[in-house]
Amino acid sequence: HDGSTFLQFEPADSAEWNLDVMLVPAETFERLQAAARPASLEGAAVMVPSLEHLLSLKIHALKNGKGLRVLKDMTDVAQLLLVNRVDTKATWLRALFEKHGNPELYERVTKLLS
């Protein structure tokens with residue numbers, strides 16, 4: 001599926017991973033890559049974006065989401081905050097919502113986690 005800035009690949013074999021690719025300018029990719037950390041996922045070597053970058057991407061998706069996808073992205077944001085023990089009152093988190101989402105989304109997430 002081609003969404004111009006996102007490409008989604010679905011393998012013929014359902015046991016294989018789906019792959020979503022976000023197309024960004026080179027300088028954006030370089031910032032994402034510089035902050036990413038190596039990890040292993042089911043035996044595959046991968047680079048995991050920083051928490052701040054993951055949250056930024058998910059907040060942006062929340063802002064632009066439709067239908068049930070919004071529930072998935074809201075759950076993803078909440079899980080990232082819980083697992084990483086992020087204080088939802090942190091100024092850097094509010095700033096991420098203001099930059100990539102909006103204050104209403106910030107309030108919905110903090111209410112969900114209270």
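**Salt bridges in the predicted model**

In this predicted model, five salt bridges were counted, a salt bridge being taken as a side-chain nitrogen of Lys or Arg within 4 Å of a carboxyl oxygen of Asp or Glu.

One of these pairs is Lys58 with Asp73, whose closest N and O atoms are 2.9 Å apart. The pair links distant parts of the chain, with Lys58 in helix α2 (residues 51-64) and Asp73 in helix α3 (residues 69-83), 15 residues apart. Lys58 and Asp73 are both buried.

Asp73 also forms a salt bridge with Arg69, where the closest N and O atoms lie 3.2 Å apart. Arg69 and Asp73 are separated by about one helical turn, because they are four residues apart in helix α3. The relative accessible area of Asp73 is 1%, so this residue is buried, whereas that of Arg69 is 43%, so Arg69 is partly exposed. Lys58, Arg69 and Asp73 belong, with Lys72 and Asp76, to a network linked by salt bridges.

A further salt bridge joins the side chains of Arg94 and Glu107, with an N to O distance of 3.6 Å. Arg94 lies in helix α4 (residues 91-100) and Glu107 in helix α5 (residues 103-113), so this pair ties together parts that are 13 residues apart in sequence. Arg94 counts as partly exposed because its relative accessibility is 33%, and Glu107, at 41%, likewise counts as partly exposed.

Methods
Residues numbered from 1 in each chain as written. Predicted model: local features only at pLDDT ≥ 70, side-chain atom pairs only at ≥ 80, totals over all residues. Heavy atoms only, no water. Helix = DSSP H or I, 4+ residues; strand = E, 2+ residues; numbered from the N terminus. Buried < 20%, exposed > 50% of the residue type's maximum accessible area, 1.4 Å probe, protein only.
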